[in-house]
Amino acid sequence: MRIGELAARAGTTTRTLRYYETRGLLPARRDDNGHRTYDESDLRLLRQIRTLRESGFDLEETRPFLECLRAGHPEGDSCPASLVVYRRKLDELDGLIGQLTAVRETVARQLARAERARDELAAEALAPGGPEPLCELGGQER
């Protein structure tokens, strides 16, 4: 098939396919007229790239999976190099989860503190002789 057909079937652009070709992720085969030619195995490579990219893998991280597919492994992820990338990605994700958990805990503490402060101000405003409540928008009295 030609580049346009492959792009359409893979749900991508011809520009992307050319880029993958320059990166060595997609083979650069040409017919007698100099037109790029592709087959079903190339479509499979593109689907693998898309699946991995949608899961957060960067383009270079897809390379071992593509090589594994080319070597005849049906899913492209059972080769040692693919397993290394999976492990590295899991470590990366665990680190990000840890960072996000810490940020979430900080925001939760700040929210709890802010709600206590609001409640204290509201209680003071209700006490006889307490301050007049202020509007939250611009600090004007209600």
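Q: Is Cys68 buried or exposed, and what is its relative accessible area?
A: In this model, which is predicted, Cys68 is buried, with a relative accessible area of 2%.

Q: Which residue does a disulfide join to Cys68?
A: The partner is Cys79, and the S to S distance in this disulfide is 2.1 Å. Cys68 belongs to helix α4, which covers residues 63–70, while Cys79 sits in the loop between α4 and α5, so the bond ties together parts that are 11 residues apart in sequence.

Q: And Cys79, buried or exposed?
A: Cys79 is buried, its relative accessible area being 13%.

Q: What about the handedness of that disulfide, right-handed or left-handed, and why?
A: The torsion about the S-S bond of Cys68 and Cys79 is about 85 degrees, and therefore the disulfide is right-handed.

Q: How many disulfides does a search of the whole structure find?
A: The search finds one disulfide, and that is the bond between Cys68 and Cys79 already described.

Q: Switching to charges, how many salt bridges does the count come to?
A: The count comes to 10 salt bridges. One of them is formed by the side chains of Arg29 and Asp42, with an N to O distance of 2.2 Å. Arg29 lies in the loop between α2 (14–22) and α3 (40–54), whereas Asp42 is in helix α3, so this pair ties together parts that are 13 residues apart in sequence.

Q: Where do Arg29 and Asp42 fall, buried or exposed?
A: Arg29 counts as partly exposed at 32% relative accessibility, whereas Asp42, at 1% relative accessibility, counts as buried.

Q: Which residue forms a salt bridge with Glu92?
A: Glu92 pairs with Lys89, and their closest N and O atoms are 3.4 Å apart. Both residues lie in helix α5, residues 80–126, where they are three residues apart, or about one turn of the helix. Glu92 is partly exposed, with a relative accessible area of 38%, but Lys89 counts as buried at 6% relative accessibility.

Q: What about Arg118, which residue does it form a salt bridge with?
A: Arg118 forms a salt bridge with Asp119, and the closest N and O atoms of this pair are 2.8 Å apart. Arg118 is partly exposed, with a relative accessible area of 47%, and Asp119 is partly exposed as well, with a relative accessible area of 43%.

Q: Which residues are linked in a network of salt bridges?
A: Glu21, Arg30 and Arg36 are linked in such a network.

Q: Moving on to nonpolar residues, which ones make a surface patch?
A: Leu90, Leu93, Leu96 and Ile97 make a nonpolar surface patch of about 350 Å².

Q: Where is Leu90 found, and is it buried or exposed?
A: Leu90 is found in helix α5, and at 51% relative accessibility Leu90 counts as exposed, because the cut-off for exposed is over 50%.

Methods:
Residues are numbered from 1 along each chain as its sequence is written. This is a predicted model: local features need pLDDT of at least 70, side-chain atom pairs count only at pLDDT 80 or more; totals for chains, interfaces and linings use all residues. Side-chain values use heavy atoms; hydrogens and water are left out. A salt bridge is a side-chain nitrogen of Lys or Arg within 4 Å of a carboxyl oxygen of Asp or Glu. Helices (H or I, at least four residues) and strands (E, at least two) are DSSP runs, numbered from the N terminus. Buried means under 20% relative accessible area, exposed over 50%, partly exposed in between (1.4 Å probe, protein chains only). A disulfide is a pair of cysteine sulfur atoms within 2.5 Å. Patches are made of residues with over 30% relative accessible area and no salt bridge: like charges are joined within 9 Å, nonpolar side chains (Val, Leu, Ile, Met, Phe, Trp, Tyr) within 5 Å. Accessible areas come from the Shrake-Rupley method with a 1.4 Å probe; for residues, only the protein chains shown count as cover.
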